Amino acid sequence: MSLPDTLAAGLAGPAAPVAGQPRRLPRWPAGRLTAFAVGALSLLASLLLWHALATSRAHLGFITFAHVPPPSEVLEAGIELLSSPKLSLHVGHSLARIGAGYLSAALAGVGLGLLIGRFRWAARALLPPLEVLRPIPAVAWIPLAILMFPSTEVSMMFITFTGAIFPILLNTIHGVEAVDPRLVASARSLGTRGPRLFAEVILPSAAPGIFTGLSIGMGTCWFCLVSAEMISGQFGIGYYTWESYTLQNYAGIVVGMLFIGAFGMASSALVRWLGHFATPWYRLQEKKA
Amino acid sequence: MTTVVHLRGRVDIQHLDIEFGQGTSRFKAVSDVSLAASTGEFICLLGPSGCGKSTVLGALAGHIVPSAGRLLLDGEAINGPHPDRGLVFQQHTLFPWKSVLDNVAFGLKMQGVPGPERTWRARELIELVGLKGFERHYPSQLSGGMQQRVEIARVLINQPRVLLMDEPFGALDAQTRLKMQQLLLDVWARIRTTVLFVTHDIDEALFLADRILVMSARPGRIIDDIRVPFARPREAQLTTTHAFNSLKRHCLELLHPQNGPAPLDRLSPLGDSVLSEAHFAI
Ligand SMILES: Nc1ncnc2c1ncn2[C@@H]1O[C@H](COP(=O)(O)OP(=O)(O)OP(=O)(O)O)[C@@H](O)[C@H]1O
Ligand SMILES: [Mg+2]
């Protein structure tokens, strides 16, 4: 589950100037401008296609656009939602669930990952049950979670937790296992022992891997939250999307989808940004490699 | 009246055996190695690749448990790593997430020395190894030679009784290596610790050492103990003298790798990264 490419793409940010090296002047070559223009045009074309298909209520074989709202209606519904008090209610609920589920997954995933990656006894004792649970998609937990927890609220937090924990755990384990044994040996020879080895060497050394896991976990976390909200929620963006369907407010469905996308993207960006600032040395290394 | 002379940095290895592997694949990496390094002595361990030089050093550092024999520092048995025995590897063992200053000050931090004192003591050593002005840089922003200077400063801050150096300049280009050898001798002239320096570069051993211990191919044994008589301070010109070259010839004859057994897989006792086939610089 380690994704070195994601890692590089996720954490490699804009180049910080390195002292002693000539600084490269920022350039806007013609190639980039064209790429930007092509991207914008492609987006515009997709919008137009959507508009055309929706307004003409096209039937294309087994797929029909008869009930798909055109972009203009979606825009209207979006503006309406933005100005209504329902928005903060839905967003607030979703964010609270994500916050609780994701943060506990981050704590548990990183904590267990450090132990399992570092100590053979922990790996022997803890990995087998985790390996059994891992292939079960978090969404499959929904019915049992509803039965297990006192409120649907807590069960939805549990589902987001389940969705986020495995990528975080596995990337942490991987990061810890990849710690250079010579770094550990050096630290020991310099007088490091016990818990300080974790704080001073293992954790920082595994940090890039941990942040990869945290960023992947944020994505799966939203996926699971939305599914859970659709099935058992009251309030929440996923619930709003599903409710729009049941109320035949078709523009609302697309608005909900777009909001989910935007929040998912923003929260992943937040995690990447945190990773970026927590590991400034890593960017320099990546650039050199 | 008796004067108590406090001797620091005397290393004794007595009949050291080290084995690796399990069951039938178990083998002896080091066989019956004995040596004595007196206080402030500069000893080079020279030997073909895979003969167990790093293993001996790793045992002295306290990272490898010997199968038999005794390891002593100033008469006390070595068990486990300790800042008294500073270890320097070939490359990439600085903490990449710490600045030069924090890397050098790390040993003091582990001792619980307060921040301001750490900083000035680290600055002193950074200046000693010629890196003033680079305190805030990360290791990846430094050249290989500069990184090795930081490594040296980082272990010296603990005022070790013995410096264990495992091919510390092995990854540097010839020119930088010469500079670093000179720097090490300068530093050593001021901070007189015992040094055990592993290399497979004969020139380097002859230029640096008071004594060269030559090891045989695996299982490593010590096959010769050569006194290097050149006066100090030593200059680069030394390497062109007749005396230097005749000692060098002697070492080459001892090592003659082409007649030895086929080279073995390089596995390292401390996960040393394998960079290139070992070679004897001539
Ligand atoms: N952890 C290990 N497990 C098994 N074998 C090992 C281990 N570490 C080292 N060896 C083997 O022990 C022998 C001695 O290794 P060592 O690294 O000490 O040699 P060296 O003299 O330092 O060689 P080089 O010049 O290549 O660094 C080698 O044959 C090596 O393959
Ligand atoms: Mg070695």
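Is Cys44(B) buried or exposed? I began with this residue of the predicted model. I found Cys44(B) buried, at a relative accessible area of 0%.

**Entry 1: cysteines**

I looked for disulfides over all chains and the count came to 0. For Cys44(B), the nearest cysteine sulfur belongs to Cys251(B) and is 10 Å away. A disulfide requires two cysteine sulfur atoms within 2.5 Å, so Cys44(B) is in none. I then turned to Cys51(B), whose nearest cysteine sulfur is that of Cys44(B), 13 Å away. Cys51(B) is likewise in no disulfide. I noted its relative accessible area as 0%, which means that Cys51(B) is buried.

**Entry 2: the two chains**

I next recorded the make-up of each chain. Chain B has 7 helices and 10 strands. Of its 282 residues, 53% are buried. I also looked up how far apart in sequence the contacting residues of chain B are. Among its contacts between residues at least 6 apart in sequence, 70% join residues at least 24 apart.

Chain A has 12 helices and 2 strands. Along the sequence I read the pattern α-α-β-β-α-α-α-α-α-α-α-α-α-α. In chain A, buried residues make up 43% of the 289 residues. For contacts in chain A with a separation of 6 or more, residues 24 or more positions apart account for 72%.

**Entry 3: where the chains meet**

How many residues of chain B are in contact with chain A? I found 32 residues of chain B in contact with 25 residues of chain A. The area buried between the two chains is about 2500 Å², and carbon and sulfur atoms give 60% of this area. On the side of chain B, the residues that lose the most area to chain A are Trp97(B), Met110(B) and Ser140(B). Together these three account for 27% of what that side buries.

I then looked for polar links across the interface. The rule finds 2 salt bridges there. One salt bridge joins Glu200(A) and Lys109(B), with the closest N and O atoms 2.9 Å apart. The rule also finds 7 residue pairs in polar contact across the interface.

Which elements of chain B give two or more residues to the side that touches chain A? I listed β6 (85-88), α2 (100-111) and α4 (144-156). The largest share, 4 residues, comes from α2(B). By class, I noted 15 nonpolar, 12 polar and 5 charged residues on the side of chain B that touches chain A.

I looked up Glu151(B), which lies in helix α4 of chain B. Glu151(B) is buried, with a relative accessible area of 1%. Leaving out residues up to four places away in sequence, Glu151(B) touches Val88(B), Phe89(B), Thr93(B) and Leu94(B). The side chain of Glu151(B) reaches the backbone nitrogen of Leu94(B) at 3.5 Å.

I then examined Asp186(B), which lies in helix α5 (residues 174-190) of chain B. With a relative accessibility of 45%, Asp186(B) counts as partly exposed. Asp186(B) and Gly144(B) are 42 residues apart in sequence, and their C-alpha atoms are 19 Å apart in space.

**Entry 4: an enclosed helix**

Why is helix α1 of chain B described as largely enclosed by the rest of the structure? I found that 9 of the 9 residues of this helix (residues 53-61) are buried, so it is largely enclosed. Among the buried residues of α1(B) are Lys53(B), Ser54(B) and Thr55(B). Just after α1(B), Gly62(B) takes a positive phi of about 95°.

**Entry 5: backbone angles**

Most residues other than glycine have a negative phi, and most peptide bonds are trans. I therefore looked for departures from both patterns.

Arg57(A) has a positive phi, near 45°. I placed Arg57(A) in the loop between α2 (30-55) and β1 (59-60) of chain A. Arg57(A) counts as exposed, at 52% relative accessibility.

Asp32(B) also is not a glycine and has a positive phi, of about 50°. This residue sits in strand β2 (residues 27-37) of chain B. Asp32(B) is partly exposed, with a relative accessible area of 43%.

Where is the cis peptide bond? I found a cis peptide bond joining Arg232(B) and Pro233(B), with omega about -5°. Pro233(B) lies in the loop between β10 (222-227) and α7 (242-255) of chain B.

Notes. Residues numbered from 1 in each chain as written. Chains lettered and ligands numbered in written order. Predicted model: local features only at pLDDT ≥ 70, side-chain atom pairs only at ≥ 80, totals over all residues. Heavy atoms only, no water. Contact = heavy atoms within 4.5 Å. Buried area = accessible area lost by both parts, 1.4 Å probe. Salt bridge = Lys/Arg side-chain N within 4 Å of Asp/Glu carboxyl O. Polar contact = N/O pair within 3.5 Å; in protein donor to acceptor, adjacent residues only side chain to side chain. Nonpolar A, V, L, I, M, F, W, Y, C, P; charged D, E, K, R; others polar. Buried < 20%, exposed > 50% of the residue type's maximum accessible area, 1.4 Å probe, protein only.
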